Amino acid sequence: MESLKLLLVILLTITSSFVASSASEGNYYPPTPSGGSKSCDKDPLVCHTKGVVKQTCCKNKCVNVLANKSHCGNCATKCEKNEHCCSGDCVSLKTDCLNCGKCGIVCELGFKCCNGKCVNTKIDKKNCGWCHNKCKGHDYCLDGVCSGYAGM
Ligand SMILES: *[C@@H]1O[C@H](CO)[C@@H](O)[C@H](O)[C@H]1NC(C)=O
């Protein structure tokens, strides 16, 4: 009987120290893997504990709506197949001057985004005046117009 009492005391001590240590870590919300499957439907705050990116609960999954093309800007917005999600906007990386080739790559003033590259269409032989307007042969691009050497 005495040894049973001792066992009970030991058990109680172990249990209470376990509870105390897990409470002191302050991990009230369970951490979630990205695109995780914890039930954020029941507790949206589950998505707010991950690192610096505040995620949104979409159909019971934590989602970064700033970058996820299936949920861009909000849970319901899906980008077109050829689009990307940059800062919550669906954009074409091939033509968007604010996200040219990659999210956040901004073309300089006077430049256009052609096929994912910032180009100066005033002088670019392959994109003269507008994207994909290629000057022929030895022609050059002057002020956005293909010009030839003929007569010079
Ligand atoms: C976008 O969100 C979905 C959840 O609907 C997830 O399965 C997918 O992995 C996410 N995509 C990225 C690139 O994180």
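**Before starting**

This is a predicted model, in which local features need pLDDT of at least 70, side-chain atom pairs count only at pLDDT 80 or more, and totals for chains, interfaces and linings use all residues. Residues are numbered from 1 along each chain as its sequence is written.

**The whole chain**

Helices (H or I, at least four residues) and strands (E, at least two) are DSSP runs, numbered from the N terminus. From that end, the order of elements is α-β-β-β-β-β-β-β-β.

Next, colour the chain by pLDDT, the predictor's confidence in each residue, from 0 to 100. The mean pLDDT is 79, and 70% of the residues reach 70 or more. Select residues 6–37, where the pLDDT is below 50; beyond near neighbours in sequence, this stretch has 18 contacts in the model. Two residues are in contact if their C-beta atoms, placed from the backbone, lie within 7 Å. Where pLDDT is low, the predicted coordinates should not be read in detail.

Of the 152 residues of the protein chain, 16% count as buried. A residue is buried if 20 or more other C-beta atoms lie within 10 Å of its own, exposed if 12 or fewer, and partly exposed in between, with C-beta atoms placed from the backbone. A nonpolar core is a set of buried Ala, Val, Leu, Ile, Met, Phe, Trp, Tyr and Cys residues joined through C-beta atoms within 7 Å.

Select Cys40, Val46, Cys47, Cys57, Cys62, Val63, Val65, Cys72, Cys85, Cys86 and Val91: these 11 residues form the largest nonpolar core. Strand S2 (61–63) and strand S3 (84–86) each supply at least two residues of this core. Now centre on Cys86; not counting residues up to four places away in sequence, Cys86 touches Val91, Asn99, Cys103 and Gly104.

Move to Cys146 in strand S8 (residues 145–147). Cys146 is partly exposed because 16 other C-beta atoms lie within 10 Å. Beyond residues up to four places away in sequence, Cys146 touches Cys128, Cys135, Lys136, Asp139 and Cys141.

Return to Asp143, which has a positive phi of about 55 degrees although it is not a glycine. Asp143 counts as exposed because it has 10 C-beta neighbours inside 10 Å.

Finally, select His132 in the loop between strand S6 (117–119) and strand S7 (140–142). Phi of His132 is also positive, near 70 degrees, in a residue other than glycine. With 9 other C-beta atoms within 10 Å, His132 is exposed.
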